[in-house]
There are 2 protein chains.
Amino acid sequence: MVTRSEENYLKAIYHLGKQGTVAVSTNAIAEKIESKASSVTDMIKKLAEKNLANYIKYQGVTLTESGRLAAALVIRKHRLWEVFLVEKLNFTWDEVHDVAEQLEHIKSPKLVNELDALLGFPTHDPHGDPIPDKDGHYTPLKSVNILEVEPGNEGVLARVIDSSDVFLKYLNKNNLALGDTIKVLDFEPFDHSLTIETATKKMIISNAVAKNLFISQEL
Amino acid sequence: MVTRSEENYLKAIYHLGKQGTVAVSTNAIAEKIESKASSVTDMIKKLAEKNLANYIKYQGVTLTESGRLAAALVIRKHRLWEVFLVEKLNFTWDEVHDVAEQLEHIKSPKLVNELDALLGFPTHDPHGDPIPDKDGHYTPLKSVNILEVEPGNEGVLARVIDSSDVFLKYLNKNNLALGDTIKVLDFEPFDHSLTIETATKKMIISNAVAKNLFISQEL
DNA sequence: AATCATTTTTAGTCTCATCTAAAAATATTT
DNA sequence: AAATATTTTTAGATGAGACTAAAAATGATT
């Protein structure tokens with residue numbers, strides 16, 4: 001049995017180390033999970049013991065095949081629940097995270113599969129992140145940071161990185177939502193801000209905001 | 001903060017002691033929760049410390065007003081999730097219990113209220129048990145065991161007690177479901193079995209089955 | 001009322017997941 | 001390459017929540 005706490009560590013390693021393929025440092029995990037390095041060392045040992053992680057002292061940690069799968073399945077649940085909360089229970093995308101963080105640990109294969117079906121087998125969560133399938137696989141969205149788009153080109157807002165309350169509220173306030181078409185008009189070299197145009201208006205976004213917006217140009 | 005474990009104890013006391021109004025023994029709780037009497041004593045002390053329970057050594061335990069509310073809200077969540085699983089996710093009523101046992105501990109007032117709305121504010125769960133409202137109140141179903149019904153009278157199947165797989169499968173096989181109107185035709189003193197009549201057929205049910213069927217005569 | 005049986009409580013131990021403080025290893029700087 | 005700084009690990013402690021075994025209280029029986 002993988003405990004709730006172990007699942008959280010697996011998730012952190014998965015996110016920090018490109019699906020757990022790249023070694024992640026003890027401190028990085030501690031920061032992500034908001035714990036202390038010593039706690040992380042303890043837990044990593046336990047994960048290695050259970051064959052979920054590869055660990056060499058002082059060298060950081062990666063995930064084994066089964067660790068990677070376990071992490072992906074937790075992330076799958078997290079993102080499916082996020083879709084459910086937004087689509088069926090009228091949550092806004094800045095409200096879903098804490099609840100999904102609890103729901104992702106519910107253990108019931110049937111529940112996950114039925115939830116998936118109820119939602120129509122979604123491929124992305126409300127933040128634009130891809131939802132892994134039952135085998136932990138997904139096709140990463142080919143999205144590009146809006147700062148790398150040449151002025152004059154446009155695309156669909158496909159993903160945001162920061163999922164803090166303030167940032168998502170900022171997006172709401174400015175009528176920016178996933179799926180919106182955004183055209184890049186101008187890049188300002190002085191402060192690295194961007195002028196963009198949406199269906200409804202023209203606006204200037206700071207570099208700090210732009211860094212968090214990813215658009216997909218295909219679709 | 002009420003922990004998951006504390007919630008389980010509150011629920012047990014609530015169920016065993018008529019909403020926690022009647023003193024419940026340490027042993028009874030231990031049996032219900034599948035733990036040991038010593039563990040129960042420890043936990044009861046903690047609940048009393050938090051003003052959720054009234055505890056006098058060797059005299060059993062009752063719930064305080066806030067303990068009663070806390071327990072009712074957990075039960076509310078449990079039963080709402082059961083409805084959700086059956087109505088939206090194609091669970092059969094014998095599959096819901098374990099999962100609902102996990103889901104009932106999710107903390108999010110918004111989640112509960114929205115779920116309630118999504119389900120159309122149900123008043124009873126799939127087993128016929130009433131769902132408490134936000135204040136922990138509910139009108140207990142005035143249902144009576146079918147063995148206590150005078151031959152000749154009828155009612156609506158409102159509640160079943162046994163929720164084991166075999167029993168629920170038995171009901172399915174014999175086309176008996178909650179909401180069905182059942183008329184009692186005859187009581188057989190020899191083996192305490194009953195002859196009943198449903199919309200579709202006449203049948204004889206054993207005493208063991210009859211003990212688990214409750215019908216409501218108003219509605 | 002005295003003995004026996006049962007229930008409940010206490011005392012002490014265990015595991016899990018965390019922490020602090022100190023020691024050890026690695027990385028960086030001069 | 002030595003000294004200093006940073007990171008990581010170890011050692012030992014803590015709090016939940018559970019357990020076993022023994023002691024204390026209550027209840028039942030003669």
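Visitor: At roughly what angle do the axes of α1(A) and α2(A) cross?

Guide: In this predicted model, the axes of α1(A) and α2(A) cross at roughly 115° and come within 10 Å, where axes are lines fitted to C-alpha atoms, for helices over the stretch in contact, and angles run from 0 to 180 degrees between N-to-C directions. Helices here are DSSP runs of H or I with at least four residues, strands are E runs of at least two, and both are numbered from the N terminus. Residues are numbered from 1 along each chain as its sequence is written, while chains are lettered from A and ligands numbered from 1 in the order in which they are written. Local features need pLDDT of at least 70 and side-chain atom pairs count only at pLDDT 80 or more, whereas totals for chains, interfaces and linings use all residues.

Visitor: Which residues of α1(A) and α2(A) meet?

Guide: From α1(A) come A:Asn8, A:Tyr9, A:Ala12, A:Ile13 and A:Leu16, and from α2(A) come A:Ala28, A:Ile29, A:Lys32 and A:Ile33. By class, this contact has 7 nonpolar, 1 polar and 1 charged residues (Ala, Val, Leu, Ile, Met, Phe, Trp, Tyr, Cys and Pro count as nonpolar, Asp, Glu, Lys and Arg as charged, and the others, Gly among them, as polar).

Visitor: Why is B:Ile182 called buried?

Guide: B:Ile182 has 22 other C-beta atoms within 10 Å, and a residue is buried if 20 or more lie within 10 Å of its own C-beta atom, exposed if 12 or fewer, and partly exposed in between, with C-beta atoms placed from the backbone; B:Ile182 is therefore buried. It is found in strand β5 (residues 181-188) of chain B.

Visitor: What is B:Ile182 in contact with, leaving aside its neighbours within four places in sequence?

Guide: With that exclusion, B:Ile182 is in contact with B:Glu154, B:Gly155, B:Leu157, B:Ile196, B:Thr198 and B:Ile215, contact being C-beta atoms, placed from the backbone, within 7 Å.

Visitor: Which residues come nearest to DNA strand D?

Guide: Of the 20 residues around DNA strand D, A:Ser25, A:Asn27, A:Ser38, B:Thr3 and B:Ser38 come nearest, and a residue is near a molecule or strand if its C-beta atom, placed from the backbone, lies within 6 Å of it. The largest share of that surface, 5 residues, comes from α3(B).

Visitor: Which element gives the largest share of the surface near DNA strand C?

Guide: There the largest share, 5 residues, comes from α3(A), and the surface near DNA strand C divides into 4 nonpolar, 11 polar and 5 charged residues.

Key: Contact = placed C-beta atoms within 7 Å.
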